[in-house]
Every structure is written in structure tokens, then in C-alpha cells.
Amino acid sequence: MLLAFVVRNRRSDDPAEPFAADPEDRPIAAVVANPTKVEATTQELISGLCVELGWAEPLWLETTVDDPGTGQARKAVEQGVDVVMACGGDGTVRSVAEALAGTGVAMGLLPAGTGNLLARTLGTPLEMAAAARVALTGDDRAIDIGRVRVDGDEDERVFLVMAGTGFDAEVMGNTPEALKAKVGPLAYVVSGLRAMRGRRTRVTIRLDGGEDLRRRTRTVLVGNSGTLLGGLVLMPEAEVDDGVLDVVNLAPKGIPGWIAVAARVISRRRRGHSRVEHWTAKEVLITAEDPQASQIDGDPIGDVTEMAVRVDAGALVVRVAEGSPAAELLPEK
């Protein structure tokens, strides 16, 4: 009893130790940043927030023309980071996701582009500091990704939102970067109006290895999410974690046809117009009569004759706002 009394009093004389993790125990984040999209103060802002929340100083890895984010994200995973934050536009997000898919390492979204479609779908704040806080403190959600092989290529490309051919890709490819920087998403509207008078083309669509569906079309889109710019929803039943892809064929004829299609999209009805068809599938093969402009998550990939798409269910872990409707906690390992 005497010994216990002495020890207790000696401890009470010691100065209180701060409640903080040892430096080597602190979690660490990596930021894969597109230097053409981020402001000069962004790195300082994110580093300060990491320290404030008890994280180590983050790794800062910038993209290049030759490597838009995949190599940097792989390097971050090799160094054992706890989360990789994609700081840039949809192209940067897609490139980071390609490296993280299947690793179990979470991806945080720091929206700095024009579209930011995945961030909008998941409810990620578009303000940088708020988005970074979600990436550091939010919940983990497993989502599907799409994998695309064009014209028989050996390598597959990843998409998170949509891939497709025709009108949609023409708009993306013909929208000048300078105009996007000046007026934002309205730049796509300008390009869209110019492309409306294009002609329909013949395509064959095969779903899950079934019978060929032959159609005349202006655009065929395969979506993991149905959200467009401006809050429009092209595929009302698309979910990023349902294990299937949504497919839509738009075949309007002339300006009146586009107006009717636009009314159907705004109403968010899955059916209701003969020029709009919807399907779901795990594998989709699109074959065009002539090479068509094509895009993956808004980035043009050139003219393509054949596009083979498949879903990779639950392959990517994304950090979402804690307690948000998008938050579906992963089971503990």
C-alpha cells in the first residue's frame, strides 16, 4: 500500500502529456494534383488541414503530360498511404482510380475541373477545403467502375461515370479549353448546339452476349452514373454500386427530335419517348458502321469502331462525407 501511494503521487507530479500520436503512427495521405487545375495556395491549404486533423504532412505528387495520374497514384500505394486524393478534373480522377482499383486504398476527391461528375454524384463538396476534410475524415464506400476496350486493344481503360460514342463525344472533343476556363460548363452547351445537326449512324448493340440490336443513333452511352452537368439525370436508375451498367441510345431526328429528348431527360422518366431507349447489362459491345468520335468520362479518345465495356463491381473504394446518404461503410476486416 505504501509503494502504491508513492507511485501515485509521483505520477501526479509529472507534467500532463498531450494526447497525440507519435509521428510514425500518424496516418498519411497523398495528393495527386494536376498543376494546370489547382491554385498556388492549394498545397499549403491541404497540408495545413492534414496537420490540424492529426495526419502527417501529405505526399504531393503532380501529374504530367505523359502520366496524368496513374503512375503517381501507384507510387503512393507503394509507400503505404492511407488515402490518395485526386486533385484535378475528371481525367485526373479517372487516372488515379485506374491505379487504386482493386487495392483497397481509398480515393478522396478534390474537385478542380469543369465537370466534377463523380464528386457531384457522391455529394462531395466542390469547395476545396471542405472536400479535403471529407477525404481525411469521411466514410469509405465501395463503388463499381467500368472497363473499356476499344477496337480490340489489349489494354482496358477505366471510367467512373460514362463512356460512349457519337454526339456526346463530339461535344466533348469540340469544346475549347479556353472557353471552358472562361464560362465553365456553359461551354459544353455552345458546342452541343453546334453538333445537333449531325447525322445519325448505324450501330449494333449487344448486351451480355445476347442478340444484336441494330439501331440508328446519334449517341450511345454506357453509364456507371446517370448524372450530367447542371443536375440533369440521363439514366434515372443508374447507381454507382449496383453491379450493372446502364445503357442509353439517343436517336433524335433534327432539332424537334432533340427538343423532345431534352424534355424526356428533364422529366427524369426512364421511358416515354421512342427516340430514347434504356437497358442494363454487365457487358456491352457497341459496333459502329463507321468510326465514331468516342469519349471516356468526358475525355475524347478519338474515332472508334468497336467499344467493349464491362462492369468491375465494387472495385474502387471512395471516401464520402460521414453520415451522408452516399456513405455505406465497408465491413471491418
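**View 1. Buried residues of helix H3.** In helix H3 (residues 70-78), the buried residues are Thr70, Gln72, Ala73 and Ala76. Because these buried residues fall within an arc of 165° when seen down the axis of H3, they line one face of the helix. The model is predicted: local features need pLDDT of at least 70, side-chain atom pairs count only at pLDDT 80 or more, and totals for chains, interfaces and linings use all residues. Residues are numbered from 1 along each chain as its sequence is written, and side-chain values use heavy atoms, with hydrogens and water left out. Buried means under 20% relative accessible area, exposed over 50% and partly exposed in between (1.4 Å probe, protein chains only). Helices (H or I, at least four residues) and strands (E, at least two) are DSSP runs, numbered from the N terminus. The arc is that of the directions from the helix axis to the C-beta atoms.

**View 2. Surroundings of helix H3.** Strand E1 (29-33), strand E2 (59-62), strand E3 (83-88) and helix H4 (90-100) pack against the buried residues of H3.

View 3. Helix H2 spans residues 42-52, and Thr42, Ile46, Ser47, Leu49 and Cys50 are buried in it. They cover an arc of only 160° around the axis, so they are on the same side of H2. Glu44 and Glu52 are exposed on the other side of H2. The cover over the buried residues of H2 includes E1, E2, E3, strand E4 (106-111) and helix H6 (128-137). Just after H2 comes Gly54, with a positive phi of about 85°.

**View 4. A nonpolar surface patch.** Val183, Leu186 and Val189 form this patch, with about 250 Å² of accessible area together. Patches consist of residues with over 30% relative accessible area and no salt bridge, nonpolar side chains (Val, Leu, Ile, Met, Phe, Trp, Tyr) being joined within 5 Å and like charges within 9 Å. A salt bridge is a side-chain nitrogen of Lys or Arg within 4 Å of a carboxyl oxygen of Asp or Glu. Accessible areas come from the Shrake-Rupley method with a 1.4 Å probe; for residues, only the protein chains shown count as cover. Leu186 lies in helix H9 (residues 186-195) and counts as exposed because its relative accessibility is 56%.

**View 5. The protein chain around these sites.** The protein chain has 10 helices and 14 strands. Of its 333 residues, 47% are buried. The chain exposes about 16900 Å², of which carbon and sulfur atoms supply 51%.

Definitions and conventions:
Contact means heavy atoms within 4.5 Å.
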